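User: Could you take me through this structure? I would like to know how to read it before I look at any details.

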Amino acid sequence: MTKSHYLFAVLTTSAVLTACSSSLPDDEHPTQKNHSHHNGHSHNGHSHNNNSNRESHVPLQSASTLYSQINLSLFNPSAMSQTPEIVSCTLENGLQSECAQMTVKYKPDDLEVGPFCPKSLDEDGGIWQWDGDKEGLYRLDGEFFEMLKAQGYSFYNDEGQVFITGDGAKPKYPNTCINMRADKEVEMTLLIPTNPMKAATPNELGTVSKVGISLSGVPIFSDAPSVLRTGHLPALDTCAGHVDPGGWYHYHGTASDINTVYEKEGVQAECQLTQSSSALFGYAFDGIGIYGSTEENGEEPTDLDACNGHVGYVPNKLEKVYHYHASTNFPNLPKCLIGVMAKNNFSTTAKAGVGAEGVGAKQGQPPEQGRPDRRQGGNGQEVNERGMGIPPGFEEAATKLGITADELFNALNNAGGPNANLAEVAKVLGVSEAELKAALPEPPPRR
Ligand SMILES: [Zn+2]
Ligand SMILES: [Zn+2]
């Protein structure tokens, strides 16, 4: 086994596959009068161009499962690379069930994303949840970067130009604002149970991190990475989304009710998507609907459980159902998921980035296999962004080379992952091949 093989083997067993995200374009709101946009993709040429037709497709709740259940006709067809369908699936508790299977594009065709990093201190970029001193949600502007500089994080030069990297290039500065490159070819497949079932214990999002999918067709993840960990800042746009190292856009908050958070936290930012505090934003991976922060009457619910859910009336439903609400602080997502998720509920064809799910997918192997879905301390899809889940070998080797583990990983990954030509990687990193080989850990002895 070559050294780079060894590192990747370690990575695949220690990293988790997950990403982070959430949100939805205005015209996707279920509470809006005209639903023809979403319904255009519906099955078999059957059209649902008005509310009453759409309503007839809402499955009747059985007496035992009063949950806000997934309704495929509400999803944005421009996000789908394949027509969504109902398939059989295995739940994490081992039971066979049915799931909605959605394969989405790197981003919906009709969704404008960004801006993320501002080019200079004079510009406003997206937002960031700063977790150092004076923690909180901030607009990515001159004032914010000056505050970080006072704390020892220099994201800009003497001319006030922000250090930005993108296109998979390695950050040249210890503190770099990161705009990941989008990959239009990448697809993600999500599995969401159609009949939610309560789990024995709620799934904490801190360890699961996969939240769900917005009606706009954008995956939702929790746990945005921390600058404190890597020094770098993978900027979110003002709708709380950004591009994963794998090249696909995802949300880290409830985009359809994020302006409520800005108001509450006094952040000068605005998401241009249609905002509604009571609309259905999307569905969690346990199959349960996620709404904005208020009920239809505009009031904030007072009986929410630990996951930010409760039983109550929701728009367009006659019975009370269990559903989640967005919180009014960032990240404005449910805190945990009460229901059972499907096995292998998220996979992607992404080849780049630590989403290295693509590495597995390429070999015809379900990306999540051999890669635990729960990694302590975070989620795998964010591995690259937050530097967690990088195997110890990477950290040590990177330190020896004077670079970050992310940079080392990216260089190896971009050069072919397990088959990386170390001479080439050394060149990219600006070190000699001998230095690189000396820094990489020895593979464990074979028996
Ligand atoms: Zn992310
Ligand atoms: Zn409610």
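User: What is the average pLDDT of the chain?

Analyst: This is a predicted model, and its chain averages a pLDDT of 77. A score of at least 70 is reached by 66% of the residues.

User: Over which residues is the pLDDT below 50?

Analyst: One such stretch is residues 1-63, with 175 contacts in the model beyond near neighbours in sequence. Another is residues 443-447, with three contacts counted in that way. Where pLDDT is low, the predicted coordinates should not be read in detail.

User: Turning to the sheet, in what order do strands E1, E2, E7 and E18 lie?

Analyst: They form an open sheet in the order E1-E2-E7-E18, with antiparallel pairing. Strand E1 (85-90) and strand E18 (346-348) stand at the edges; each has a single partner strand, so one side of each is left without a neighbour in the sheet. On average, neighbouring strands of this sheet are turned by 30° against each other, direction ignored.

User: How many bridges join E2 to E7?

Analyst: Seven bridges join E2 (residues 96-105) to E7 (residues 187-193). Within that pairing, Met102 has Leu190 of E7 as its bridge partner.

User: And which residues of helix H4 are buried?

Analyst: In H4 (residues 142-150), the buried residues are Phe144, Phe145 and Leu148. Seen down the helix axis, they fall within an arc of 95°, so they line one face of H4. The face turned away from that buried side carries the exposed residues Glu143 and Ala150.

User: What do the buried residues of H4 pack against?

Analyst: They pack against strand E4 (136-139). E4 in turn pairs with strand E3 (residues 127-130) in the antiparallel sense, over four bridges. Gln129 stands opposite Leu137 in E4. E3 and E4 form a hairpin with five residues between them.

User: Is Lys134, in that turn, buried or exposed?

Analyst: Lys134 counts as exposed, because it has 11 C-beta neighbours inside 10 Å and the cut-off for exposed is 12 or fewer. Its phi is near 60°, a positive value in a residue other than glycine.

User: Where is Asn344, and what is its phi?

Analyst: Asn344 is in the loop between E17 and E18, and its phi is near 50°, again positive in a residue other than glycine. With 17 C-beta neighbours inside 10 Å, Asn344 counts as partly exposed.

User: Which peptide bonds are cis?

Analyst: A cis peptide bond joins Gly114 and Pro115, with omega about 0°; Pro115 is in the loop between E2 and E3. A cis peptide bond also joins Phe330 and Pro331, with omega about -5°. Pro331 is in the loop between strand E16 (321-325) and strand E17 (336-339).

User: Finally, what does Thr294 touch?

Analyst: Leaving out residues up to four places away in sequence, Thr294 touches Ser277, Ser278, Glu299 and Glu300. Thr294 lies in the loop between strand E14 (289-291) and strand E15 (309-312). It is partly exposed, with 19 other C-beta atoms within 10 Å.

Definitions and conventions:
Residues numbered from 1 in each chain as written. Chains lettered and ligands numbered in written order. Predicted model: local features only at pLDDT ≥ 70, side-chain atom pairs only at ≥ 80, totals over all residues. Pairing = 2+ DSSP bridges. Helix = DSSP H or I, 4+ residues; strand = E, 2+ residues; numbered from the N terminus. Axes fitted to C-alpha atoms, helices over the stretch in contact; angles between N-to-C directions. Buried ≥ 20, exposed ≤ 12 C-beta atoms within 10 Å, placed from the backbone. Arc of directions from axis to C-beta. Contact = placed C-beta atoms within 7 Å. pLDDT = per-residue confidence, 0-100.
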